[in-house]
Amino acid sequence: MGQENLMEFQSCFPVWDKLSQAQQARLLACLSSRQVKRGSVIHNGSLECTGLLLVRSGQLRAHILSEEGREVTLYRLFDRDACLLSASCLLRGIQFDITIEAEKDTDLWVIPAEVYRQLMDESAPAANYINELMASRFSEVMWLVEQIMWKSMDRRVAAFLLEEASVEGTKQLTITHETIANHLGTHREVVTRMLRYFQSEGMVQLSRGRVELLDEAKLKALGET
């Protein structure tokens, strides 16, 4: 691993300066870099313990799969975000059937779970970092539960389109109805019906594999209703 890569890791890892020199050396000795292509599955199911993942650049999606084969996105990870549930064996007694895939070409750092478990036993800052990550992800999942339980599908689709436009930095989204349905845990036909309604109201323009946002104010008002 190059010196520049190591220095970047040190600046991105929040508790680096709170570790002893021996702990830092042990961490660097086992640290690895990984490049994954868009669409690659990085972690799949509760039996895997891939390790603690830190996103150097790119975008990941964590989702679960129902018995009927429907997906729902739990959260997404961007530059400098850390993925805890890919190292679920760090959390004693807790198992997660979760899939993590790359939504874009992504560069990662991987810390083996057994090495980080030793750090947690030795270092309060390292253990606190895991607790903070867990609290953050729990908050995101609870937000999702509230959306599913209390928000109608048209409001959820509107909110998703606005979020996607913000993430991609464009109003012209290259995305299929099936992909939107997978994020929201619903059927493609439901999403298609919602998008056609949005189009009839002048909020979006639909074409094959694309959704263009025409009236963000209306979509925002709908999402917040």
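Is Arg 188 buried, partly exposed or exposed? With a relative accessible area of 38%, Arg 188 is partly exposed; here buried means under 20% relative accessible area, exposed over 50%, and partly exposed in between (1.4 Å probe, protein chains only).

1. Basis of the note. This is a predicted model, in which local features need pLDDT of at least 70 and side-chain atom pairs count only at pLDDT 80 or more, while totals for chains, interfaces and linings use all residues. Residues are numbered from 1 along each chain as its sequence is written, and side-chain values use heavy atoms, with hydrogens and water left out.

2. The sheet. An open sheet is formed by 4 strands in the order β1-β8-β3-β6, with antiparallel pairing. Strands (E, at least two residues) and helices (H or I, at least four) are DSSP runs, numbered from the N terminus; two strands pair if DSSP finds at least two bridges between them. The edges are held by β1 and β6 (82-83), each with a single partner strand, so one side of each has no neighbour in the sheet.

3. Strand β1 and its partner. Strand β8 (residues 106-111) pairs with β1 in the antiparallel sense over 5 bridges. Ser 32 stands opposite Val 110 in β8. Ser 33 belongs to strand β1 (residues 32-36) and counts as partly exposed, at 31% relative accessibility. In sequence Ser 33 and Trp 109 are 76 residues apart, yet in space their C-alpha atoms are 4.6 Å apart.

4. Packing of α5 and α7. Helix α5 (residues 153-168) packs with helix α7 (residues 188-200) at an angle of about 75 degrees, and their axes are 10 Å apart. This makes the two helices, α5 and α7, roughly perpendicular. Axes are lines fitted to C-alpha atoms, for helices over the stretch in contact, with angles from 0 to 180 degrees between N-to-C directions; under 35 degrees counts as roughly parallel, over 145 as roughly antiparallel, 65 to 115 as roughly perpendicular and the rest as oblique.

5. Residues in that contact. From α5, Met 153, Asp 154, Val 157, Ala 158 and Leu 161 meet Val 190, Met 194, Leu 195 and Phe 198 of α7, contact being heavy atoms within 4.5 Å. By class, the contact of α5 with α7 has 8 nonpolar, no polar and 1 charged residues. Ala, Val, Leu, Ile, Met, Phe, Trp, Tyr, Cys and Pro count as nonpolar, Asp, Glu, Lys and Arg as charged, and the others, Gly among them, as polar.

6. Salt bridges. The count comes to 11 salt bridges, each being a side-chain nitrogen of Lys or Arg within 4 Å of a carboxyl oxygen of Asp or Glu. One of them joins Glu 189 and Arg 188 (3.3 Å, N to O); Glu 189 is partly exposed, at 46% relative accessible area. Salt bridges that share partners join Arg 61, Glu 71 and Glu 101 into one network.

7. A pair within α4. Glu 140 forms a salt bridge with Arg 137, their closest N and O atoms being 2.5 Å apart. About one helical turn separates Glu 140 and Arg 137, because they are 3 residues apart in helix α4 (residues 124-150). Glu 140 is partly exposed at 25% relative accessibility, whereas Arg 137 is buried at 8%.

8. A pair between distant parts. Glu 216 and Lys 171 meet through their side chains in a salt bridge (3.5 Å, N to O). The pair links distant parts of the chain, with Glu 216 in helix α8 (residues 216-224) and Lys 171 in the loop between α5 and β9 (172-174), 45 residues apart. Glu 216 counts as partly exposed at 32% relative accessibility, and Lys 171 is partly exposed with a relative accessible area of 44%.
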